Amino acid sequence: MTLTTSSYQVSPISEPAPGIRVPPVTDWRSLPAEQQPVWPDPALLEQVQDQLTLQPPLTAPADVRRLGSALAHAGAGRAFLLQAGDCAEPTGTAGVAAVRGKHRIISQMAEIISNHTDLPTVTVGRIAGQHAKPRSVAQETVGDRTLPVYRGDLVNDAAPHPEARVPDPRRMLTAYRTARAVINELHLIAHETVSGLLPHTWEEDAVHAAVPTRPYDGTLRSVIRNYGRTVKVNGSWRRTGLWTSHEALVLDYEQTLVRRDPHTGEHYLLSTHLPWIGDRTRRLDGAHVAFLTQIANPVACKVGPGITPEDLTELCGRLDPHRRPGRLTLISRFGAGLIRERLPVLSRAVRAAGHDVLWVCDPMHGNTFKASNGVKTRRMSDIHAEITAFFEVMTDAGHWPGGIHLEIAGDHVTECLGAGGPAAEEGLTRAYRTLCDPRLNDTQALLTIRKVAELIARG
Ligand code: PEP
Ligand code: CO
């Protein structure tokens, strides 16, 4: 049975190669789960979960497989992954209102990469579900008050009051509804892109109908078939749509959106297309890793300075036991100061263990520091230095540097320092709006992507 109409072929789920040990499936519910909210009212949690379980899923298994296939192409050097969006998306109308700005800038970035390198760009948003945050401390001080930390709109409210910070499971329903509205908005935008290529009036349509070969036919088919990547139209690369991704952090939420695909019998996490686990929740004996082993989506994992080659190999063995191209994306986030020392040995270990992973550079999360006024920021010079190092390390090791993972606002914020943003820390407060980590503004995002495009083209 053909499961996709995409030009990408879906790899069949193969038996593991002889000698490859497939770890036994462990029930993730029995394992320690880091960074989970403590809901004060367990009965209310159960009610919300019952409601969520009855909701329609947000993505479809066939689309999830299509993305997996696109990622396999990116892993093999035939495409480049651009994954970008908010650190923490707001829920409610603010979340929906921000979609067009983010979609516009991600599309522009994708077109720059493709036009510069002549490679398709697979575009994935940190979008439609990026509502929960892992935190390094449980409490924070705001003014003269010590408060429980904000854990994302899915869990509590960012307002600096003790009541606002109490986890409320009903927020999971709001997060679900926001994600659904955001996906709807993304579909509308994709539809507008496609209809922009179609005749607009009856008269125009009649003219096209009179011409024996209608040039837009092939273009339209190609745009639809290649959703979520750039596609070449009349010699230049054009955007199509955006896949969704988020950190699968709050398992009380994510578990309600796991559904069995009746066509294949596999279980999919249908809260998103591409879930990832963060650097704080990737422990080998933890619930998050076990949870992801039980779903058939392509999955990603952040890899930071705290991991050893042995642990990373073990992690890959669990997340990608069948060594299936497209299944596993590793997101490197070491910081400009550590990447050259740590990444080479880790990438060698992964390859030696037989995993065909897609390596992606997150130059944001290893380069965060506190400015003197207490807000988090990042320097463009560090971000660019980590990107350059990533490309050099990967190229030297004979790996394809297959993608970039960025936090961007889709707006003119002043959250990161330098090149296109404030030159000095005093300028940060002008438009500092993030709910969590500092994001690139549009100028900074475009400067960064030009650098990436040059590095890819340089090869
Ligand atoms: C994030 O992507 O916002 C994040 C928290 O990343 P990491 O797990 O790499 O710290
Ligand atoms: Co972040």
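Select Lys 133 and ligand 1 to begin: an N or O atom of the Lys 133 side chain is 2.7 Å from an oxygen atom of the ligand. Lys 302 also has a side-chain N or O atom 2.7 Å from a ligand oxygen, and for His 365 the distance is 2.9 Å. The protein covers 98% of the 300 Å² of accessible area that ligand 1 has on its own (Shrake-Rupley method, 1.4 Å probe).

You are looking at a predicted model, where local features need pLDDT of at least 70 and side-chain atom pairs pLDDT 80 or more, while totals for chains, interfaces and linings use all residues. Residues are numbered from 1 along each chain, and side-chain values use heavy atoms, without hydrogens or water.

Next, show the residues around ligand 1, with a heavy atom within 4 Å of it; among them are Arg 126, Trp 276 and Asp 279. By class, this shell has 3 nonpolar, 2 polar and 7 charged residues, with Asp, Glu, Lys and Arg counted as charged.

Now select the cobalt ion, ligand 2. Which residues coordinate the cobalt ion? They are Cys 87, His 365, Glu 407 and Asp 437, at 2.1 to 2.4 Å (donors are N, O and S atoms within 2.8 Å of the metal, or 3.2 Å for Na, K and Ca). Cys 87 lies in the loop between strand S1 and helix H3 and Glu 407 in strand S16, so the pair ties together parts 320 residues apart in sequence (helices are DSSP runs of at least four residues, strands of at least two).

Definitions and conventions: Chains lettered and ligands numbered in written order. Polar contact = N/O pair within 3.5 Å; in protein donor to acceptor, adjacent residues only side chain to side chain.
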